Amino acid sequence: MTDSCLLPQFDMQEAGRIARELFGLDGQIQSLAGERDLNFLVGNGTTAAVIKIANAGEAREMLECQHEVLERIRDRCPEFEVPEYRQSLNGNILEPVHDHDGILHYCRATTFVEGRLLAGLKPWPACLLEQLGGILGSLDQALEGYQHDALDRPLLWEMSKAPQTLDRLVCLHDPHGRSMIEMFRNRFERQIPSCAGQLRTGVIHNDANDHNILVQGDDPWQLRISGLIDFGDMVHSWLVAEPAIAAAYAMLGAENPLDAAEPVVRGYHAACPLNETEIGLLFDLMCMRLCLSVSICVYQRSLEPGNAYLEISEKAAWKTLSRLSRIPADFAHFCLRGACGLEPVPRNPRVVNWLYRHSDSCLPLFDPDISGKDLLVLDISVASPYLDPLLPSDVQEETALLFRQIRRGGYAAAVGLHDEYRLIYTSEDFRDFSGARRTLHLGLDVFMEPGTALHAPLDGSVFSTSCHPDPQDYGGTLILEHEARDEQGEFVFHTLYGHLDPASIAGLGKGDRIPAGSPVALIGNSAENGNWIPHVHFQIMTDLLDETDTFMGVGSHRHRNVWLSLCPDPNLILNLPCLKDIPERQETGSPPGRRTLLEDRARLLGPSLSLSYREPIEMVRAGNQYMYDSTGRRYLDAVNNVAHVGHCHPRVIEAIRRQSGVLNTNTRYLYEQATLYARALLDKFPEPLAVCYLVNSGSEANDLALRLATASTGRRSRIVVDHAYHGNLTSLIDISPYKFNGSGGGGRPECTHVVPLPDTYRTAWSDQIHDECMVSVEQALHAAEDQGGVALFMAESISGCGGQVVLPDGYLQDIYARIRAAGGKCIADEVQVGFGRVGCCNWAFETQDVIPDIVTLGKPIGNGYPLGAVVTTREIADAFDNGMEYFNTYGGNPVACVAGIAVLDVIRDEGLISNAQDTGNLMRAELEVLASGYPLIGDVRGMGLFLGVECVLDAGSKTPASRQASYIVERMRQEGVLLSTDGPFRNVIKIKPPMCFDTDNVRELVTRMSRILDETFAQPDAGA
């Protein structure tokens, strides 16, 4: 390609004529995108072909070269599909054609490679990008040794000539843009002279952008690269330019560019290994490609204003360049080395090996030496049972408690671990260069009294002294530089001392020699150390990433391998024996590691025990409406209604803790907690519901409710609503159509009769439909009469497993009347929707203006503590008292009762019922706004904080969009929001969060869902 790339001037009618007359192709003509070739699709299916009319500036020799290359690839990589040239009716591969001005162009026809353009796929999963890298590596291997004179033509996109190309493009008017490109260019030109001779060359595709890559697959988790097209930019160049170009395009629009680049590089390196020099130039090449992209686009638009193709990636490229400009080049280099399976920091092995060899000569950090004394090893991890980072902290109180514990235990000091994920870093400053939250501790913390003297374990010199007084920063900070020598020569590394008394390092200057054993600083107090408990943070750095007076003491899980390569274990120097037996952390940084947990679970637990999500989460902590995995990643919990008043609510926890230390027994003994709770609970119910039974769970409650109804009626037949689920006991599976009609179910038991679920979305509810529904109830009653009469009707007050279906007005009223007229009892299952979740009242049955005979409670009742209850009338309770004792060993024990009381108190004191109404109304309104813009959302329904979003393929047929609903839930999990699906077709996204869910949470949920609804596999046409 020369500087000009004006598109040929042929319309579709002319293209159709060329296809027929020169290639014998006939069929519907469709225009395809192209930068400098005109491309037309002719026909469809297996006979489809592409007519390509080349730019007038394209040499015939280059087009012939492309043909040879495609033949070579097909021969050497048969598993990969590339276009195949078709002979013309004259037996030629290339045919000359002339435009209206008589200008000569060459035309060719190729087979049509099936697949969607990667450009039309959103988002691009890492596994797909890794495949792309692997395919490009295989192609470059296949072209090894190939030569053609046409490949030496001048080309604006030739990476080795990038600085010269930028010189020719005087087109950037934005000063900030020019400055940014100059920065990348200068860095590129500094690198090239020293390494150009070590860069291998070969023929490369040179343009693996998303408009040239084809993808196949209907499963969003099993996509594959199916083809590569447009070999018009091929060139003989540096091999390393191939993955750099592909990675540059993969980064376009990515929130975290390195996350997109790494899999491309990983895949390429696996197929066509890069040498260390090439890896070292990768990041600069990626940036330079984007600099070329924006510059050439601006230049070419000035020549050809109407070519929209040229603007496709320009805006995204500018945004990506801006993001890349904030990433230290060395950090990016280390990330890419890690992606290739190399030690991220090249110097790390030298530093670590040197420290191993000189370990015995390292002097103590403290005088007197504490290494041989007993030390209190602190657990400050995400899962720490001793430190609750989710509660407001009082550093003075925490300091007093810790040092009291140290003194009482006879410890010399307390130690906080290296390579430990923590939640205590709450400032927004704790983000890495890509924006990822930093939770991985990179040093060792030694907690001792303020004023404790610190000594240098190794000879060194002062690199910097500084003070960083902001909360959660280092306070007084000292960095020492250490010179070392091994068989490869001299090298340096650094150590950092943080949280110091600033006055104690004020006399030190850059370059001052610090002999091993010399006193260097004092531990600071909380007022001068960043408001931490007094301690020293000691850290090793194998590379400073151009920092001058500080270094991150906390890294991100996303780049854990890089951060630990930058900051190896400080115990290599401190030699604290108590830390040498701590198990090495695996994968997530929390023993025993996710992989081991999955293996143990598969081996030790029943195989029918399911896990949520394709990639199960190792949860280790929760608080309020959030859950945290072992790396400290926070998830917004929008589905776990068990934690009714919020995960690990401190008032509930304290009530449990306090009572557990006093008494925990069973109801054979008198204790006031049971009656106190029963009274508080019954106060929430209307008459005649006046008697309470306390059990351990919702399943036990529902099983007991069956017994109560059976005992009071002397009958066994029961009527339930379709798709209902009432628990996991055998007795409850028998009344749960969701289970007995589902996978592994045994079908409807003889004594169970099922009436339709009144789904008002799928059925236009009317008086006629209501009457038809009541007919089904009458039929069920008639069938029950043949079995001795109906004992009970049981229904959730809002159907959960049925798809968050709100019962239509009057539904329960009419059914209850018929059941009672037939001598049966009416049971309301409030296990999921009770305790104010509906927002307008305590119990969802109140919205139907009915009073059940029996109400069952579970899940939220104890906020996670095993507790359930059955509330009924005195008459039914007396009938159950037939001589057979009812006893539940742990049902209603004192600890459970105080947990229940605390839940009721929190609901009242924190106004959680009104919050459920206000927040639920806002969420429903926001979701309805989403529904108006996304046809996939067929219905938004529910009450309070019990909502459902039903996904359908089209509004008319209401065909369930089960795959799309599942996809949205999986992607929301990846985005940090927990949801699940339910309903007969698993196409309803259910939302039932802790009751402390707030307006900010609503906006986060809706914002993230909105982004995902724009993605490819969330579209109705993505498949049923």
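This is a predicted model: local features need pLDDT of at least 70, side-chain atom pairs count only at pLDDT 80 or more; totals for chains, interfaces and linings use all residues.

Colleague: What is the phi of Tyr613 about?

Modeller: About 75 degrees, so a positive phi, although Tyr613 is not a glycine. Most residues other than glycine have a negative phi.

Colleague: And is Tyr613 buried or exposed?

Modeller: Tyr613 counts as buried, because its relative accessibility is 17% and the cut-off for buried is under 20%.

Colleague: Which other residue has a positive phi without being a glycine?

Modeller: Asp419 is one, with phi near 60 degrees. You'll find Asp419 in the loop between β13 (413-416) and β14 (420-421). Asp419 is buried too, with a relative accessible area of 10%.

Colleague: OK, peptide bonds next. Where is there a cis one?

Modeller: One runs from Asp367 to Pro368, with omega near 10 degrees. Pro368 is in the loop between α11 (348-357) and β12 (375-378). Another cis bond goes from Glu687 to Pro688, and there omega is near 5 degrees. Pro688 is in the loop between α17 (672-682) and β28 (689-695). For background, most peptide bonds are trans.

Colleague: Let's switch to the rings. How many aromatic pairs are there?

Modeller: The count comes to 18 aromatic pairs. One of them is Tyr497 with Phe538, at 5.2 Å centre to centre and 65 degrees between the planes.

Colleague: Why is that pair called edge-to-face?

Modeller: Because the planes are 65 degrees apart, and anything over 60 counts as edge-to-face.

Colleague: What does the pair of Tyr497 and Phe538 tie together?

Modeller: Tyr497 lies in strand β20 (residues 489-500) and Phe538 in strand β23 (residues 536-541), so the pair ties together parts that are 41 residues apart in sequence. Both Tyr497 and Phe538 are buried. Tyr967 and Phe1017 make another pair, this one tilted, with 6.1 Å between the centres and 50 degrees between the planes.

Colleague: Where do Tyr967 and Phe1017 lie?

Modeller: Tyr967 is in helix α26 (residues 962-974), while Phe1017 is in the segment after α27 (999-1013), so this pair ties together parts that are 50 residues apart in sequence. Tyr967 counts as buried at 4% relative accessibility, and Phe1017 counts as buried at 6%.

Colleague: Which residues form an aromatic cluster?

Modeller: Phe685, Phe835, Trp843 and Phe845 form one cluster.

Colleague: And which charged side chains sit over a ring?

Modeller: Lys739 has its charged end over the ring of Tyr725, 5.5 Å from the centre. Lys510 lies over the face of Phe463, at 4.0 Å from the ring centre.

Colleague: Last topic: Asp759. Where does Asp759 lie?

Modeller: Asp759 is in the loop between β30 (752-755) and α21 (767-785). This residue is buried yet has no salt bridge.

Colleague: Why doesn't Arg762 count as a salt bridge partner of Asp759?

Modeller: Because Arg762, the nearest side chain of opposite charge, is 4.4 Å away, and a salt bridge has to be within 4 Å.

Colleague: So what does the side chain of Asp759 reach?

Modeller: The backbone nitrogen of Tyr761, at 3.0 Å.

Methods:
Residues are numbered from 1 along each chain as its sequence is written. Side-chain values use heavy atoms; hydrogens and water are left out. Helices (H or I, at least four residues) and strands (E, at least two) are DSSP runs, numbered from the N terminus. Buried means under 20% relative accessible area, exposed over 50%, partly exposed in between (1.4 Å probe, protein chains only). Rings of Phe, Tyr and Trp (its six-membered ring) pair if their centres lie within 6.5 Å; planes under 30 degrees apart count as stacked, over 60 as edge-to-face and the rest as tilted. A charge sits over a ring if NZ of Lys or CZ of Arg is within 6 Å of the ring centre and within 35 degrees of the ring normal. Lys and Arg count as positive and Asp and Glu as negative; His and the chain ends are not counted. A polar contact is a pair of N or O atoms within 3.5 Å; within protein, one must be able to donate a hydrogen and the other to accept it, and residues adjacent in sequence count only if both atoms are side-chain atoms.
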